[in-house]
Amino acid sequence: MVTKKKSGPLKLGDCVKILHSADLHGRIVELRGPLGPGGSQIYCILVRRKPKPAYIELREDQRTVIPVGG
């Protein structure tokens, strides 16, 4: 059985890709805390869109980190 390592909470300003979306990515602007089901962390993500930006709240399992420089 393979166990998946859980990453710790991300920092403000980290870039993330939203899973199961076409190519939606953004920047973490707020850590809401363990408000999700089972105490999972909730992140507020700023997604740049036209004509104005959108804010999306995601659970920790609904995002993946974009490496710096990539």
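Glutamate 57 and arginine 32 form a salt bridge, with their closest N and O atoms 3.3 Å apart (the term covers a side-chain nitrogen of Lys or Arg within 4 Å of a carboxyl oxygen of Asp or Glu). This pair ties together distant parts of the chain, 25 residues apart: glutamate 57 sits in strand E4 and arginine 32 in strand E2 (residues 25–33). Keep in mind that this is a predicted model, where local features need pLDDT of at least 70, side-chain atom pairs count only at pLDDT 80 or more, and totals for chains, interfaces and linings use all residues. Residues are numbered from 1 along each chain as its sequence is written, and side-chain values use heavy atoms, leaving out hydrogens and water.

**Salt bridges**
- Searching the whole structure turns up two salt bridges.
- Arginine 59 pairs with aspartate 61 in a salt bridge, the closest N and O atoms being 3.1 Å apart.
- Glutamate 57 is partly exposed at 47% relative accessible area (buried is under 20%, exposed over 50%, partly exposed in between, using a 1.4 Å probe and protein chains only).
- Arginine 32 is partly exposed too, at 38%.

**Strands**
- E3 (residues 42–47) and E4 (residues 54–59) pair in the antiparallel sense over six bridges (pairing takes at least two DSSP bridges between two strands; strands are DSSP runs of E, at least two residues, numbered from the N terminus).
- Six residues lie between E3 and E4 in this hairpin.
- Leucine 46 has tyrosine 55 as its bridge partner in E4.

**Cysteines**
- There are zero disulfides in the whole structure (cysteine sulfur atoms within 2.5 Å).
- Cysteine 44 is buried at 7% relative accessibility, while cysteine 15 is partly exposed at 28%.

How values were computed: Helix = DSSP H or I, 4+ residues; strand = E, 2+ residues; numbered from the N terminus.
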